[in-house]
Amino acid sequence: MSYAETMAALDAKREEIAALQAQMRTLQAAVEPEVVQDYALAGWNGPVRLSELFGAKRDLIMIHNMGTGCPACTMWADGFNGVYDHLAARAAFVLASPNPVDVQKKFAAGRGWRFPMVSYEGSRFAEDMGYREFGVAEFDDKLGGWSPGVSTFRRDGERILRLSNAGFDDGDGFCVVFNLFDLIPDADPTWRPQYSYA
Amino acid sequence: MNAYAETITALNAKREQIAVLHAEMREMQAKIEPQPVEDYVFAGPDGPVKLSELFGDKSDLFVIHNMGAGCPYCTMWADGFNGVYNHLADRAAFVLTSPNTPKVQAQFARGRGWRFPMVSHQGTSFADDMGYRKVGADPFADKLGSWYPGVSAFQKRGQTVVRVSNAELGPRDDFCLVWHMLDLLPEGDAGWEPKYSYA
């Protein structure tokens, strides 16, 4: 296949992906939201309720981050940081992790993160949302059984509804790095994210 | 299973289908017949710089075809690349090209906190030759000089530079996470559009 033919074939696959994404939007538009508790979390200025994380927005995007022990979660968060102001114009955006707030503050300062963070500490929030599960991955178990993903919520009067959730994995739409690397022909990509590459 | 869980299961099934398509794309990409390209000369911050010099000590190079400071969409994509720049730069060289002069680029990059290198393709046929200038294809693009947004991947093979892939950039592509995040809301972007700032 010539270069141009391969590009045309790749673009045809991208069209198929776009069609699947359109079906996903249809599914998401018809979701029957899930009522959730107004969880008490640990915020940077003291205890904070899930309902308080919405700020002036109706919707909230909440990242389930595995904490400072996970370089991949850190890379996903670096990506969110890059487009944080764009996301925050549409919905509140908060990253939750199992680390105590002091650890979060130090780590966020080191990476230049601008988004708000809260700690799961002392809550069942991650478990209830499906982002803590032991026995799935050895690496996750070692860090405390946390798993990475995102949940979206809506404030509806006194109630809080969950609208969607998704796990994170290499090649998902929530991190551009692996998708860019896929443009390079490479039979055995062994590259893995690290905290730094000095 | 409750109705919420059923929707999430259905969404995850679609994600699996997308992952299968991505795997097929990797197979196609692995068999690419690369395209030889000229060693274009760009305007860099320190004077003229050749395409072959943009690789640094890497054998792979990503070049972002950015429409310039006039495009808030291109700016958002670049904000995203900036967030993960150190990760990208570990695997391959990463450079953003635009029609702006190096002086305008430097000023704009400073304002946004961009850390990646930039070069200007003004006065070269690079963007045209790579397929990222299309006159008459889009009124917004025509107003800015008919530049088109995309990414090209190059490899250095001995003394020659070849192109190994390219893709256009657009909403919901694999190269900007914002819409994928907003599509987790039932109304999606709800009329939201990228801006330079939202104050």
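Let me begin where the axes of helix 2 (residues 71–82) of chain A and helix 2 of chain B come within 7 Å of one another and cross at roughly 145 degrees, the axes being lines fitted to C-alpha atoms, for helices over the stretch in contact, with angles that run from 0 to 180 degrees between N-to-C directions. This is a predicted model, in which local features need pLDDT of at least 70 and side-chain atom pairs count only at pLDDT 80 or more, while totals for chains, interfaces and linings use all residues. Residues are numbered from 1 along each chain as its sequence is written, and chains are lettered from A and ligands numbered from 1 in the order in which they are written.

When I speak of helices (H or I, at least four residues) and strands (E, at least two), I mean DSSP runs, numbered from the N terminus. The crossing of helix 2 of chain A and helix 2 of chain B is right-handed; by the convention used here, a crossing is left-handed if the near helix is turned anticlockwise from the far one by less than a right angle, and right-handed if clockwise. On the side of chain A, the contact is made by Asp78(A), Gly79(A), Asn81(A) and Gly82(A), and on the side of chain B by Asp79(B), Gly80(B), Asn82(B) and Gly83(B), where two residues are in contact if their C-beta atoms, placed from the backbone, lie within 7 Å.

Let me widen the view to the whole interface. Here 61 residues of chain B are in contact with 61 residues of chain A. The elements of chain B that give two or more residues to this side include helix 1 (3–30), helix 2 (72–83), strand 7 (150–157) and strand 8 (160–168), and helix 1 of chain B gives the most, with 18 residues. By class, the side of chain B that touches chain A has 34 nonpolar, 15 polar and twelve charged residues.

Which residues of helix 1 of chain A are buried? They are Thr6(A), Met7(A), Leu10(A), Met24(A) and Gln28(A), a residue being buried if 20 or more other C-beta atoms lie within 10 Å of its own, exposed if 12 or fewer, and partly exposed in between, with C-beta atoms placed from the backbone. What covers these buried residues includes strand 8 (159–167) of chain A together with helix 1 and strand 8 of chain B.

Now to the chains themselves. Chain A has seven helices and eight strands, and chain B has seven helices and eight strands. The C-alpha trace of chain A spans about 60 × 45 × 35 Å along its principal axes. Of the 198 residues of chain A, 42% count as buried, and of the 199 residues of chain B, 42% do. Among contacts in chain A between residues at least 6 apart in sequence, 61% join residues at least 24 apart.

Why does Leu60(A) count as buried? It does so because it has 23 C-beta neighbours inside 10 Å. Leaving aside neighbours within four places in sequence, its contacts are Leu53(A), Phe54(A), Ala91(A), Ala92(A), Val94(A), Thr152(A) and Phe153(A). Of these, Val94(A) is 34 residues from Leu60(A) in sequence and 7.6 Å away in space, C-alpha to C-alpha.

Elsewhere in chain A, strand 2 (residues 40–43) and strand 3 (residues 46–49) run antiparallel and are joined by four bridges, two strands being paired if DSSP finds at least two bridges between them. The two strands form a hairpin with two residues between them, and Leu41(A) stands opposite Val48(A) in strand 3.

I will finish with two loop residues of chain B. Ser146(B), in the loop between helix 6 (139–143) and strand 7, has a phi near 70 degrees, a positive value in a residue other than glycine, and it counts as partly exposed, with 18 C-beta neighbours inside 10 Å. Arg172(B), in the loop between strand 8 and helix 7, has a positive phi of about 70 degrees although it is not a glycine, and with 19 C-beta neighbours inside 10 Å it counts as partly exposed.

Technical notes:
Nonpolar A, V, L, I, M, F, W, Y, C, P; charged D, E, K, R; others polar.
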